[in-house]
Amino acid sequence: MSYTSRTQDGVADGDRGHRAPLRSLAQIAREAARLRGDLPFIAVDAVLVASVYLGLVVLRFNGSVPNVWWSHFRPFLVAAICIHLVANRVAGLYGPLWRHAGIREAQRLFSAGILTVIAVPLVAMLPPLRLPLSVTLVGPAVATGLIGLSRFQTRLFSLRRRRISNEALTTGLRVVILGAGNAGASLAREMLANPKSGLVPVAFLDDDQRTHGRSLLGVRVLGSIESLPAVVAPWRLNYALLAVRGAQPELVQRAMVAAEEGGIPLQTIPTVDQLVTGKVGLRDVRDLQIDDLLGRHQVETDSRAIHKVIAGCCVMVTGGGGSIGSEIARQVHAGGASRVVLVDHDETHLHDAALDIPGAVQVLADVRDADQMRRVFAIYRPEMVFHAAAHKHVPILEVYPEEALRTNVIGTANVLAAADACGTKRLIVISTDKAVRAVSSMGASKRMAERLLVAHATPGRQWCAVRFGNVLASRGSVVPTFERQIRQGGPVTVTDADMTRYFMSIAEAVELVLQSAVLAEGGEVFMLDMGEPVRILDLAKRMIHLSGRQEGRDIEIQIVGRRPGEKLQEELHHPEEGLGDTDHPSIRRVVPAPERLDALLEEVGELEAAARLGDAADLRAALIAAANEGLASTAPGDPFEADRRELVLDLSMSDSSAAPNRPADAIELRRGSDDGRSIAGGSNAPTTSSEVNAGGR
């Protein structure tokens, strides 16, 4: 055994002995290969240094150099060349690819210059090498400058050649970049470096007057953004690109108007939070979106606190197949939830939402079925619940108030009771601004959901409701409806020229909902800061402009009149509700009145009894009255009462022709159904132009 070990050790030692020279040889070979690549630069540097010092000596003595100085010059020149080459090597001037040279390489060149400016005069103080001081002081600086010029000439002249060749391309799009800042410079640089992109930067426009008349990367800054229409023809512009990170809506609007007047298309770059790398490039350029014009700014949330609350929890999302529910599910999954349980009664939406969430549990169930909810909660025992399941379309629910009651009120009661039974610690009910001074079945039903949440709140668990307005791009909301009408060539239908609504993006709303879950102490109703309300008529005009069409010329806008249940303006809180701040500037705390659960459940039971009678008018009135109990339901002179009463009279007639918005077979189904199941179509309800501004999420 010992002999074997010694033999093995000897072999190992021999291997190490042989490998060391091999590694040295490999390193020498690599150095030699790199040296071969640097030899042209070394030769050029040596010639430049010799030429500089020779020229300076000749100039110093006006062309007649005494022999004594020539005898000193020859050894000095050898020493100076060696000093410059060594300084260049130490500073790292041998090795870089100079056609991609930038600030770092310029810094290396400066370092080499400093070294030679110090070393050359010191060496020249030696008697055999002594030369006039003017030669030894000026020579290092001039030689370093010429060395730098030899390095950067590839970079300098190649940029010029690229610019000229790009401008000569007859097939390239001539681009004006709006914004002469870092983002604009980055895009112009990429266009110049990539002729195959087919984009030629020919001009900048910027509102900073200090940049006017100057050039950036060889491209002139012609003036302000408002001057775009005037420069389109002289500069033969084909395309405008807004390159301002975090551009304010006013700037986007001005750029869009200028591009329209100039007759050229306009694109923009993403906001900083939308960029994956934080750097902007041509691949990031996109069309304008309605979000760019609505004045919504990205909110900041406490991601650590949110992660701390979500991480490791089983999270259930009712209505998980909807726009809000599916986004909540995606964000809680990203936040580290141990399990995400999606509950929805629509199997198609449920399946689609689960595709984006690895490992998501799909539960096909209806919140209106109390026994089913108890079983689902008992199986999964969620520690956190987001209740987003709801009917949302105002005009449809005005015709079918019993569906609003069964899904939005009774369904919420079922979820709260099931969560109570299994000890859910955190629960968030998604509410709406239409719950404030409710005048519609939808708004009233969501107000009842808020009241139920408050009644169920007990110390030790963080249950709350979150109230906000419309979200962009959700199914059935105004934006996709307008988009569809524009694609079809119009008309775009608006119910009232003065109607306004609050808007925010789905992602922003969900981020604030998650932040509200962190802030909850129990029994609160949180209100999100929705910014300024947007006039729906202005929204329609902007979307028509975004599509590249002109209002009136290409697409007509029709004012079709308000329907029952619609408000002219929405409110985020009732004047009689207490309102307080939270630790987050975009979230306010509404202090609701205390609720008795037994009394509230008795009210819900009475509403159920009214629904079974089949009188939609009586049920609607009872639902609105219950929702606004103790609060003024509407402002003085409510303009909707006459319209609502007209609808009530129409629905009281059994003849289907008297109720054109409600088919006769649907009326009969409603009257004959007492089992609490969905019969109104729910999420499959049609989205027509009459639903514009319905405000659903």
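Reply: Two residues are in contact when heavy atoms of each lie within 4.5 Å. The model is predicted, so local features require pLDDT of at least 70 and side-chain atom pairs pLDDT 80 or more, whereas totals for chains, interfaces and linings use all residues. Residues are numbered from 1 along each chain as its sequence is written, and side-chain values use heavy atoms, without hydrogens or water.

The part considered here is the sheet. Helices (H or I, at least four residues) and strands (E, at least two) are DSSP runs numbered from the N terminus. Two strands pair if DSSP finds at least two bridges between them. Seven strands make up an open sheet of mixed pairing, ordered E3-E4-E2-E1-E5-E6-E7. Its edges are strand E3 (215-216) and strand E7 (286-287), each of which pairs on one side only. Strand E5 (residues 239-242) runs parallel to strand E6 (residues 266-268), with three bridges between them; Ala240 has Leu266 of E6 as its bridge partner.

Two helices pack on this sheet. Helix H5 (residues 182-193) touches strand E1 (173-178), strand E2 (199-205), E3 and E5, and its direction makes about 155° with that of E2. Helix H7 (residues 249-262) touches E1, E5 and E6, and its direction makes about 155° with that of E6. Such angles run from 0 to 180 degrees between the N-to-C directions of lines fitted to C-alpha atoms, for helices over the stretch in contact.

Leaving aside neighbours within four places in sequence, Glu450 contacts Ser431, Thr432, Ala435, Ala465, Arg467 and Val525.
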